Structures are given as structure tokens and as C-alpha cells.
Number of protein chains: 2
Amino acid sequence: MIGAVTNAIAKTRKVILFNNTGVASTSGVTPDNVPEMAKDAVSFINALNITKADILGYSLGGFIAQQMAITDPELTRKIILVGTAPQGGFSSFLDFFKNMKMHKGAEKFLFTFFTPTGNSRSKGIESLKRINAPVNRKDSFLSSETIQAQAHAIHSWGTMKPFIILEEIMKPTLIINGSDDEMLLTINSYKLFQKIRGSLLFLYPDSAHGALFQYPEMFVDHCNYFLDKDLYNPQYQDYEL
Amino acid sequence: MIGAVTNAIAKTRKVILFNNTGVASTSGVTPDNVPEMAKDAVSFINALNITKADILGYSLGGFIAQQMAITDPELTRKIILVGTAPQGGFSSFLDFFKNMKMHKGAEKFLFTFFTPTGNSRSKGIESLKRINAPVNRKDSFLSSETIQAQAHAIHSWGTMKPFIILEEIMKPTLIINGSDDEMLLTINSYKLFQKIRGSLLFLYPDSAHGALFQYPEMFVDHCNYFLDKDLYNPQYQDYEL
């Protein structure tokens, strides 16, 4: 993720950025499915001797966070799901991926993460400048094998019959997306919100899959507020008065 | 509205609470439709010589705020729409109203504004204690004529073919509701968000039509953040890069 987000969050709490197996600076072969990716993420957390963490999952990372919340609930304190979707939530990802590949360079980046308005695109260009800064550049390349494996994992997740029972995610959860996420579809964030008890849904104006990069300050403020405050615990929901 | 919300907002900005025509302490006959209610609200603002204001509209007040934003856009700086709906957004209000009338006293209040969980009901009881405090009590009675006129206005708004073009609301707008608003339906807040350019949508967990009273601190924090920051202006949306 990009420094305007992660460095800002790291001002007040410990942030561990994680390239999963085969991604950019991490060796190994990227699995082509979410459950194995989640296992690898859990192994990473275990290897660091971390027993409980807040998990921020963006896009494919949000699928992994959902899977981890089900299979390893004791590892998770709170969850932030950004630009993501439930299993079975979409079927148009391959079309989006094809359209995406028809764009080149900066236009590909803007098409993927921002809306076509001048407002959104200007924020996209600022974001691209941050990514292209030398300090970030060395870690941003993915092999074509990894891209293919990730695309397969995303497509499978979005088109499979849901096996993950989102109602079982009993952690405080913050769901964030842009108004016009054409990749994983904004309505999927609403669906996640309806199913995950104790979740909050925040949707941002005139923004797409890269909403967190379009409004980095607001996004960071929302994450910190959610992580700092004891807003709501779904564990209490069934308590009868 | 209730002191936990309005007094808290009034700590950092001027708040004017407004009983519209025929409501509680205000004399006159309550109109049975939203456009006339909006005219009365505009007259009130004009009479105070206010030329621009932030408008917070809750429930029926949210319909009035939408109408004012269309007919008198120059009066409005930013808009907060809470527990509300677009024209044509629902048809089950009369059923809800009938069910509501089958409950009495505290149970009627809890049924109307909170979910059936212990978590939500306990916050509802706290809210009721605040309302019943002597300082608030004197202004909370509505005549049966006013209740009937408001119910007619709400039902008409929800079942009419939409005349209000929400796309024309070109003001920064914050939309807030609970996860389970059975009165005006949570999905209507999502619909408002989709149509009003430059709007943000925040939905709160395990809460109903009274979400703002269930989470008064968070609600106030969100209102202040939205009113203080220059997050997004829909006027810039069509600027081409």
C-alpha cells in the first residue's frame, strides 16, 4: 500500500506491511486461491509470534482477511475491509481485467483505481507520483505468474457459491469503499455490511477501487477512530434485555 | 432532537433547533406534504436573516432538507441526511406505523427507533431517559392532527413517483443511518448515496431508525468532521483533466 496511508497510520500504531507468498519482494509461488493465501498470511503472523492483530485487507487482501476471520478468529481483534467483496459477489471481474489491460501506463492505473472525473483523476495522479517515488518503487513489481494467480483467485472468489458464512465473523469490522468501484462493485460492500454483524459501512464520494488513495487523510482518520474507540462489539448483540 | 446530539454539536458551532409549523411548541396547522413543509422551513430561515446554513434533516426532516436543497440551493452550504429516504423509496411505511401503534410507552419508543437486540435496546433506554429529563420534556408532545399530517406527508413522499431529481443536489452531503431501519429502510440511504453526487454514506451496526441516538458520540464526531473538513465538492466533479 502507499505511504500516504500506511505511514500516516504508523504514526500512532505499529503497522506491518506484508507481501504474501510470491508477491513482489517475497519469494515462493503465489497460490491461485484465497484459502491458501490466508494460510500463508497466518503462517507469517505466527512466525512473528503475534497472537492478536488488527487486520486491514484491501481488495484481494480483503478476501484473505475474511477467510482468516473465519478460520483463525483468535488471531484477529478488529478488521478493516477496503474495496472488497464477499464470496460469490460478482461475475464481471474478467471483463474489467480485460478492459484494464487495454489501457497503458498512467491511464491503466487511473482506469483501475479512479473514476473518469477530473476530481478523481487529479487525486489519482497525485497517488501515482507517490508510488513512483524512488523509496516506494523497488517493491511494486509483480511477476506475470503472480498476476495470473491473483486474477484466478479473485475470479474464483467472486463467482463461487459462497462457503464462507459471513455471519460468523464476530469481530468489530469497518467496511470502506468508493462510490463507483467497477472492479469489485460497490454494492458488494453493502452486502458485506448486511451480513457481518457489528460492521460499519463508509462509502466515499466520486471514487472507485482506489478510494483509500483518493482520500488518504480521511481514510486514515476513519481507521484510527475505528481502531481506537470501543464503538460496538458484536459479541454483545445477542444479550437479551 | 435529543441533547446528547444537539448539545454536543453546539459545543463547536451554532445550532438552531426548529419545530416546523404546528409541531410541538410552534403554532399553526402542520401541512400534509413535504413541499409546503420545506417552504415553511425556508420562511423560518429567511425570518432569521440567515443567508447560508448547514442543514441536518432527520427522517421526515431529511425529506424537507432534500426539497430545500433543490428549491432553495443558495441557502444551503452542506447537508446531513439521517434516517431518511428519497421520493418513491418505500411503500411499507403505513404497515410500520400500524405495528408501531400496537406498542405502548417505552416499548413503542424502542420498537420505533432501536433493534430488538439487548445492545440496541439498552442504548434506547438511555436515550429515553434523556428525552424524559424535565429539561427536554416540555417540548416533546405532538398533537394528533400533526401526527396524522406528518404520517400523510411521509407516506406520500415514499410512494409517489419521484419528482425530485437527486442528481441536482450539488452540495457536499453526508448520509447516515442504522443497519436495520425498518421504518424508512436502510437501502434507501444507499439509494440516496448513489444519486447525490458528492455524498458520503455512513451506516452504523445493529441499529435502526434511531441510529443517531444509539451512537450519539460517534454521530456527533462524524457530523463535525464532515462540516469542518473540505472533503469533496461535487461542483468540481465535471472538471476535465
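I began with the surfaces through which the two copies meet in this predicted model. Of the interface residues of chain B, 100% are also interface residues in chain A, so the copies meet through the same surface. I noted that 33 residues of chain B and 34 residues of chain A take part in the contact.

I next looked up the relation between the chains. Chain B superposes on chain A by a rotation of 180 degrees, with 0.0 Å of shift along the axis and an RMSD of 0.0 Å. That is the relation of a two-fold axis. I then asked which C-alpha of chain B is nearest the axis. I found that of F202(B), at 2.3 Å.

I turned to the strands at the contact. Strand 4 of chain A, residues 199-204, pairs with strand 4 of chain B in the antiparallel sense, over three bridges. Within this pairing, F202(A) stands opposite F202(B).

I recorded the buried area between chain B and chain A as about 2,800 Å², with 68% of it given by carbon and sulfur atoms. I searched across the interface for salt bridges and found zero. The search for polar contacts gave eight residue pairs, both residues being at pLDDT 80 or more.

I then listed the elements of chain B that each supply at least two residues of the side touching chain A: helix 6 (118-132), helix 9 (187-195), strand 4 (199-204) and helix 11 (216-228). Strand 4 of chain B gives the largest share of that side, six residues. I sorted the residues of the side of chain B that touches chain A into 18 nonpolar, 10 polar and five charged.

Conventions
Residues numbered from 1 in each chain as written. Chains lettered and ligands numbered in written order. Predicted model: local features only at pLDDT ≥ 70, side-chain atom pairs only at ≥ 80, totals over all residues. Heavy atoms only, no water. Least-squares fit on C-alpha atoms with pLDDT ≥ 70 in both. Contact = heavy atoms within 4.5 Å. Buried area = accessible area lost by both parts, 1.4 Å probe. Salt bridge = Lys/Arg side-chain N within 4 Å of Asp/Glu carboxyl O. Polar contact = N/O pair within 3.5 Å; in protein donor to acceptor, adjacent residues only side chain to side chain. Helix = DSSP H or I, 4+ residues; strand = E, 2+ residues; numbered from the N terminus. Nonpolar A, V, L, I, M, F, W, Y, C, P; charged D, E, K, R; others polar. Pairing = 2+ DSSP bridges.
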